[in-house]
Amino acid sequence: MREHDPRLDEIDCQSAKRDLSLLVDLECDDACRSRLEHHLAGCPDCRELFLSERRLKAKLSSSCCEKAPTGLRERLMVEIRRTTVTTTDADGTTVVHRHTTVEQRDIT
């Protein structure tokens, strides 16, 4: 007797549509991908929506040839790596801790 594979649990169309962009962008884990692919194999409406989203993403990717200026990209990457943690001490004092992860890169 085969063991139950939770990755193939049935999902409804609403759940599938909510997560389709994760599959299109290759951002879902193996379990999510398996459930979505299993659903798409049996649901022509959701499969057509998935294919449409994939075509749209490909079209947008091929038509967007401008890149953000280097300085802007670097500033955004610093902001993405910045962590702010706000805590409250026992006496009610709010303390803000900021930390930025700096990545060393070889610039040549």
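**Salt bridges in the predicted model**

With a relative accessibility of 40%, Glu37 is classed as partly exposed, lying between the 20% and 50% limits that separate buried from exposed residues. The structure is a predicted model. The side chain of Glu37 forms a salt bridge with that of Arg33, with an N to O distance of 3.2 Å. Glu37 and Arg33 are four residues apart in helix 2, and therefore about one helical turn separates them.

Arg33 also takes part in a salt bridge with Asp30, here at 3.6 Å from N to O. These two residues, Arg33 and Asp30, both belong to helix 2 and are three residues apart, so that their separation is again about one helical turn.

Across the whole structure, the search identified five salt bridges. Among them is a pair that connects distant parts of the chain, Asp25 and Lys57, which are 32 residues apart. Asp25 is located in the loop between helix 1 (13–24) and helix 2 (30–42), whereas Lys57 lies in helix 3 (residues 44–63). The closest N and O atoms of Asp25 and Lys57 are 2.8 Å apart. Both partners are partly exposed, Asp25 at 32% relative accessibility and Lys57 at 37%.

Notes
Residues are numbered from 1 along each chain as its sequence is written. This is a predicted model: local features need pLDDT of at least 70, side-chain atom pairs count only at pLDDT 80 or more; totals for chains, interfaces and linings use all residues. Side-chain values use heavy atoms; hydrogens and water are left out. A salt bridge is a side-chain nitrogen of Lys or Arg within 4 Å of a carboxyl oxygen of Asp or Glu. Buried means under 20% relative accessible area, exposed over 50%, partly exposed in between (1.4 Å probe, protein chains only).
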